[in-house]
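I opened this entry to look up two things.

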Amino acid sequence: MTDSVTASPEELLPREIGEPEAASALFRRRDFRHAYAAVAVSELGDAFQYIALMWFALVAGGPLGVIAVRLADSIPALVFGLHGGVVADRWDRRRVMIGADLVRGIVLVPVAIAGLTGHLPLAVLVAAAFVLTAATSYFDPAYGGLLPALVERRNVQQANGLVRATADAFSVGGWAVAGLLLAIMPISAFFALNAASFFVSALLLVRVRARATADAGTEPPRIREGFAALRPRPMLAGSVAVLAVAVTLSSGTWIVGVPELVRSTLDRGAGSFSLVAASYALGSICAGAFLARRPVKRKARASMLAWLLYLPAYALFAVAGSLGVALAAGLACGVGQGSAWVLINSAAQEDVPDRYLGRVTGLISLVHRGAHASGLLLVAPLFAVTAPENVFAVAAVAIPLTGLAGLAVSGRAAEARAPATSRSPRS
């Protein structure tokens, strides 16, 4: 038998797919409607929880408390991300998603009770954030592997665009609604709202009937086979590497740098920062909506090129002297990263065989979430020793160069593989 680590079996080679449908046509698919609604509901709950989590962390531990919670909701991706992909390729993906939703809902119940009683220490917040992201590390690969079964591979970009646009719209809407709800309920009740959203999501997923178990063969799936599936796809492999570096740089500068820029350079408060955050979400919504309507053929390549938008975006942050300039910068960042995220996931779901898809989407999720932790550890401390505009100026060059370098290396690798591929029976 051919070893999938040292060779490229026929089942791993790229293959052609049919013409895509219109995005609106996807809602005629019963299973996609339920999965779409499940993700939308849980995203709305996450918007409420984010406000409560960051507020209680700040009250309990100050800025260090916020950093501790942010690390706790990033590090589990590094620990469980690859295993989540293995589970998605071994077990029924729909059931894995339901189980992850139930775990996330259950863990938030005692957190909500503790908040409502006034006894919610930082350690509980950190532990809850860790468990929530650990469960998400199993949900995301299962969802990524299930989506092609819901809409067919030819329609995954439209589906991902719709979900991305909706998720970000619900985040912005959730933050706005949260401000109104705080007039009638305590902020700790937001934990209960998110717990309820996960339970509703699980109920919606129960109604999904699509075949959701990968054909894993006679042997249990192994992590290395997920990496092997990228071997005949140098562009996809390159886009994953670019995602790791670009998100490390962008998240490390955004999480600390944007609030500091708004406070120290623009001399504005939390309200202005929330507007910049909303502009990022708006950019991501626009990217998702556009990609839901305009299919891209070379998705992995386009995902690397999307990072070029950080050149004007972070250059604007570096010279920002007004809130309007910062809002334009946030919008461009959202378009860039939103596009990269939709395209890289769609490239994998369109081209990677179902047997390995959970592990590949698990790797992408691991890289994306784990890079937030590396950004906090490696990039964010720079703001303690230099002005925000200097860090943004360097990042404005470094992030686009990362995309271009990944594209160049991947292109050479693809050219080197071309002769061998042309001799294969599939050529």
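**Entry 1: the model**

I am working with a predicted model.

**Entry 2: counting salt bridges**

I began with a general point: side chains of opposite charge can pair when their charged atoms come close. How many salt bridges are there? I get a count of 17 salt bridges.

**Entry 3: Asp73 and Arg70**

I looked up Arg70 and found its side chain in a salt bridge with that of Asp73. The N to O distance is 3.9 Å. Is Arg70 buried or exposed? Arg70 has a relative accessible area of 16%. Buried means under 20%, so I note Arg70 as buried.

**Entry 4: Glu225 and Arg359**

Next I checked Glu225, whose side chain meets that of Arg359 in a salt bridge at 2.6 Å, N to O. Where in the chain do Glu225 and Arg359 lie? Glu225 sits in helix α7 (residues 223-228). Arg359 sits in helix α13 (residues 354-378).

**Entry 5: Arg263 and Glu260**

Arg263 and Glu260 both lie in helix α8 (residues 234-265). They are three residues apart, about one turn of the helix. Their salt bridge has its closest N and O atoms 3.0 Å apart. I compared each residue with the cut-offs. Arg263 has a relative accessible area of 51%; exposed means over 50%, so Arg263 is exposed. Glu260 has 23%, which lies between 20% and 50%, so Glu260 is partly exposed.

**Entry 6: α11 against α12**

Last, I looked at helix α11 (residues 310-319) and helix α12 (residues 323-351). Their axes are 8 Å apart, and the packing angle is about 155°. Why do I call α11 and α12 roughly antiparallel? Angles over 145 degrees count as roughly antiparallel, so this pair qualifies. The crossing of α11 past α12 is left-handed.

I listed who makes the contact. From α11 there are Tyr310, Ala313, Tyr314, Leu316 and Phe317. The α12 side includes Val325, Ala326, Gly330, Cys333 and Gln337. I sorted the contact residues of α11 with α12 by type: eleven are nonpolar, three are polar and none is charged.

Note on methods
Residues numbered from 1 in each chain as written. Predicted model: local features only at pLDDT ≥ 70, side-chain atom pairs only at ≥ 80, totals over all residues. Heavy atoms only, no water. Salt bridge = Lys/Arg side-chain N within 4 Å of Asp/Glu carboxyl O. Buried < 20%, exposed > 50% of the residue type's maximum accessible area, 1.4 Å probe, protein only. Helix = DSSP H or I, 4+ residues; strand = E, 2+ residues; numbered from the N terminus. Axes fitted to C-alpha atoms, helices over the stretch in contact; angles between N-to-C directions. Parallel < 35°, antiparallel > 145°, perpendicular 65-115°, else oblique. Left-handed = near helix turned anticlockwise from the far one by under 90°. Contact = heavy atoms within 4.5 Å. Nonpolar A, V, L, I, M, F, W, Y, C, P; charged D, E, K, R; others polar.
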